[in-house]
Amino acid sequence: MGTTPSTSLPKIIYLEIDGRVRKVIFSQHSSPTDVRDLVKIAAGLLRGAEMSLVDQNGSPVNIGPEMPVNAQSSPYKIIFTSPEPSDREIQMQSACSNIVLQLSRYLKMDEIERDFRSKLTLLERRLEAESGRRVEMEKCQREIENLQEELVKNPPWICVSPCPPLSRKLTPRRDIPSYPKYTLSPETIEALKTPTFDVWQWAPNEMLSCLEYMYHGLGLVREFNINPITLKRWLLNVQENYKDNPFHNFRHSFSVTQMMHGLIYLCELQDQLAPIEILILITSAICHDLDHPGLNNAYQTKAATELWSRYGDRSPLEQHHCAVAFQILAEEECNILAGATGGEAAEIHKGMRELILATDMERHRDIMSDFSQCVEVFNFTNPEHVRLLEQVLIKCCDTSNEVRPLQVSDPWVDCLLQEYFMQGDREKAEGLLVTPFMDRARVSKPHTQIIFITSILVPMIESLSKLFPQLDDVLLSPLRATRDEYQQWDEERNRLEPLPETPVIQISI
């Protein structure tokens, strides 16, 4: 039990890789495995690779959230090792081969046999590539068992029609532990309603408690008969389905949702919108980046990934976020909409899909053009006007870091650039055209921020403030002050070194 937030500023370490110094950012609440994976990604290693760190004196450094930070001038060095496969791994590979043999005997139809053999071959390759990771092997084994169960349920001589599109199958935990309850003080409850809220100061269980409070405080639990235990389980399941990316992670989801919660109060939206619209706004904000892989839509298309093959060129990531959100809600233990009527549930699903898809920056120009046309004659009784307003609200919240105090917003910029540069490095390694703003050799942080704030954020919030003038002081003024700060940094940088040539860009987060 507590009344004060715990410190959760990101930690930064520096690594020497191929003669260059790389920066790695992680949360103090990350697990040792997550920190080790981030170090491997920065070093360009597979997850199964074995490595260790030493300091400048050659002393070993324990890799984990408690590892000491170091200076850029004293980076840690990486020592690589190549372990031999263990008896356990050899037995697992042998077991997989036996299962493949059994499946081949079981399947009778050539087409189905080829399909499942292809899937099993892919699984075997994954086992070989990541043999150093027992968890990954166990995951492959579970997938093979799922294939066997599918064969039992749908034998090849039975026609199953129509076949659904390929989708990611979740395995929600049924033994989800209760997260430690954090009692919100009156000061915290008031702070949750403001854009100056410092999202870095909260541990995972505290963020979950804050989100839980929002549903109670906004009256959504009472209005839609949400089971409080189901709400806890749903929040935990959502948290588990966010990856530990530098930027697109559960803390980002919490940040976006807290800003949405603040705007609901600042703009007095509960007086203008129906409770179902408030529920759609908050729930969409929580779910808007579920299972984000840390690689944007441009990469999905260029690399012809599984997500691209499933959803096509039109917002593949956002369509995937929707699919994962609805899969979680489809689980009885996590269905916070079980108390809603059938019509209400369908309306909530439709609204969530529209808002999550609106976060694709490819749609930014069209949405802002439509909203600009209606804002002068806006009518809260017009469903189309309300739909456009909600899309602009979630877009503002998704890109709202820069309206917060600089000490809160600037670490987010470092996290986003780290994720961008990791994608740029991967595109170079795969022979793909590097996405603009993701080439670490060409990007200036202050220059990038000036462009983003000036061309995207200021016009968007100016349009919104025409409907809600109170946003001028609480959002626009801090945003312009942040832009001026980056302008000073950029001018100072230009005095010291020339700005790298920057191509025409299209910003995508």
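1. The side chains of T435 and E427 are joined by a polar contact of 2.7 Å. This is a predicted model, and the 2.7 Å distance is computed from it.

2. Where does T435 lie? Look in the loop between α17 (406–429) and α18 (445–467). Leaving aside residues up to four places away in sequence, T435 touches N296, A298, K302, Q423 and E427.

3. Is T435 buried or exposed? Its relative accessible area is 8%. Buried means under 20%, so T435 counts as buried.

4. Now turn to D291. This residue sits in the loop between α10 (275–287) and α11 (297–302). Most residues other than glycine have a negative phi. D291 is also buried, with a relative accessible area of 8%.

5. S315 is another residue to check. Find S315 in the loop between α12 (306–311) and α13 (316–330). Phi of S315 is positive, near 50 degrees, and S315 is not glycine. With a relative accessible area of 2%, S315 is buried.

6. Last, the whole protein. There are 19 helices and five strands. Of its 509 residues, 49% count as buried. Among contacts with a separation of 6 or more, 73% are between residues 24 or more positions apart. The accessible surface is about 24600 Å², and carbon and sulfur atoms hold 51% of that surface.

Notes. Residues numbered from 1 in each chain as written. Predicted model: local features only at pLDDT ≥ 70, side-chain atom pairs only at ≥ 80, totals over all residues. Heavy atoms only, no water. Helix = DSSP H or I, 4+ residues; strand = E, 2+ residues; numbered from the N terminus. Buried < 20%, exposed > 50% of the residue type's maximum accessible area, 1.4 Å probe, protein only. Contact = heavy atoms within 4.5 Å. Areas by Shrake-Rupley, 256 points an atom, 1.4 Å probe, with all protein chains shown as cover. Polar contact = N/O pair within 3.5 Å; in protein donor to acceptor, adjacent residues only side chain to side chain.
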